[in-house]
Amino acid sequence: MEKENKAKEGIKGWINPTKYGKFGIERFAWILMRITGLGLLAYFIGHIYETSHILDGKAVWNASLELTQTTEGHIFLALVIGMCVFHTGNGIRLMLGQMGYGLGKPGRPDYPYKPQSLNMKGKACIYATIGLAALAMWYGMAVMFG
Amino acid sequence: MSNISQEISQEKSETVLSPSKSIKLRISRSNPEAGTEEKFDEFVIPVEKYTTVLDAILNVKSHLDHSVAVRYSCRQASCGSCGMKINGKPKLACFTKVSELDTDTITVEPMDNFPIVRDLAVNFTRMFNNHKKVMPYVVRDDSEITPGTGVKEILQTPEDVDKYIQFSSCIKCGLCNSACPTMAMDTSFVGPQALAQAYRYIADTRDKGKNNRLKIIDESHGIWRCHFAGSCSQVCPKGVDPAMGIQLLRSYLLGLRD
């Protein structure tokens, strides 16, 4: 009777940092997509909680707004901007891929086999999206820290 | 005269015919049936320029420890039996030269996301079941050629063949399923191997089973669990590119392709 001990890697298969050097930028974009998705979900819940303070009167509302006016608050908001931009840009890349665009055409593979679906167009999109997210974070910080 | 022959003899014995060096091979040892925990046994073995990782393991098995469990057959990347993690990445042991790894220590482990039978051998039952599930054959009411029935050969253009030929190179080695991050979390996921085979037959102009296959993969643990990490295509030793097949399958389901 075989144990199911190694039937799946579990969460290690996602977060093991050694994987990202071995499986390329696409795998890095994949984990970043997961992390930013979870981050934005947490922000969404926190945002609903924060804005619900408007029902508790002006003083409570102003106090909750003050939380975002601190250095930590600005850094947090800059991270949210970065997560938004990356998640949106990479999401568009993935949707186009799922519709069959930018994958190349199936054909007769020649050795050494280079997967067409992991082509330079896709890699360039990932790098551009990371760059855009960094740029947006930098701009947001410049505005918030004035 | 005798001195000369002694010199020649000595020269021959010292002549290096093929430069060799030694490497340390770390082999993962475990036996879930006996309840033993995973441990690594280390062996120092000689290797040459063209020694493959499978050769190195078989060297250990022949000379140092007969009990190492490894599955292999063709030794030429055709049978798909010797898939394992080599220095952390799923590869075929017979298709990976020690010299290309560029290290003096090689660690071999069983593939992730498969139940371990013993040491480096894993159980393929789930993968084969998923493979069968997607109907990996041409579905037609009529047979291709039946003598006396007047049924003719079904012709395909080279362009028709190009649409699926790369996906028919799959040797069912399981490296793609091992590398897949979705397989790491969801044991019910049909997996990149089976999905690529579903595409292979759907893209075949002779096949009439498209609608049935799309129904099979369009379920909660089916095609939509793939998030295009691309690791399956990174590790495929035959250039199948399962990630491309999966995305093209989705375009069928989205109605963007006939």
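Let's start with charge pairs. Over all chains, the structure holds 17 salt bridges. Keep in mind that this is a predicted model.

One of those pairs is in chain B. The side chains of B:Glu42 and B:Lys24 meet in a salt bridge, at 3.6 Å from N to O. This pair links distant parts of the chain. B:Glu42 sits in strand S2, residues 36-47 of chain B. B:Lys24 sits in strand S1, residues 21-31 of chain B. In general, side chains of opposite charge can pair when their charged atoms come close.

Next, confidence. Chain B averages a pLDDT of 91. In that chain, 91% of the residues score at least 70. One stretch needs care: over residues 11-16 of chain B, the pLDDT is below 50. Beyond near neighbours in sequence, that stretch has zero contacts in the model. Where pLDDT is low, the predicted coordinates should not be read in detail.

Now the domains. The assignment for chain B gives domain 1, residues 21-122, and domain 2, residues 125-253. Their C-alpha centres lie 29 Å apart. The contact takes 15 residues from domain 1 of chain B and 17 residues from domain 2 of chain B.

On to the pockets. Where does the largest pocket lie relative to domain 1 and domain 2 of chain B? Both domains give residues to the lining, so the pocket lies between them. Its volume is about 560 Å³. The lining counts 24 residues. Nearest the centre are A:Tyr113, B:Gln234, B:Val235, B:Cys236 and B:Pro237.

In chain B, strand S4 (89-92) and helix H9 (231-235) each supply at least two lining residues. S4(B) gives the largest share, four residues. By class, the lining of the largest pocket has 13 nonpolar, four polar and seven charged residues.

Last, the second largest pocket. The volume here is about 280 Å³. From chain A, the lining takes A:Gly100, A:Gly104, A:Lys105 and A:Pro106. From chain B, lining residues include B:Glu159, B:Asp162, B:Lys163, B:Tyr199 and B:Arg257. Which elements give two or more residues to this lining? They are helix H5 (158-162) and helix H10 (242-253) of chain B. The lining of the second largest pocket divides into five nonpolar, two polar and five charged residues.

Terms used:
Residues are numbered from 1 along each chain as its sequence is written. Chains are lettered from A and ligands numbered from 1 in the order in which they are written. This is a predicted model: local features need pLDDT of at least 70, side-chain atom pairs count only at pLDDT 80 or more; totals for chains, interfaces and linings use all residues. Side-chain values use heavy atoms; hydrogens and water are left out. On a 1 Å grid over the protein atoms alone, a cavity is a set of points where a 1.4 Å probe fits but cannot get out, and a pocket is an open set with protein on both sides within 12 Å along at least five of seven lines; lining residues have an atom within 4 Å of a point. Grid points are joined across faces, edges and corners, and a volume is the space filled by probe spheres set on the points. Ala, Val, Leu, Ile, Met, Phe, Trp, Tyr, Cys and Pro count as nonpolar, Asp, Glu, Lys and Arg as charged, and the others, Gly among them, as polar. Domain bounds come from an automatic or database domain assignment. pLDDT is the predictor's confidence in each residue, from 0 to 100. Contact means heavy atoms within 4.5 Å. A salt bridge is a side-chain nitrogen of Lys or Arg within 4 Å of a carboxyl oxygen of Asp or Glu.
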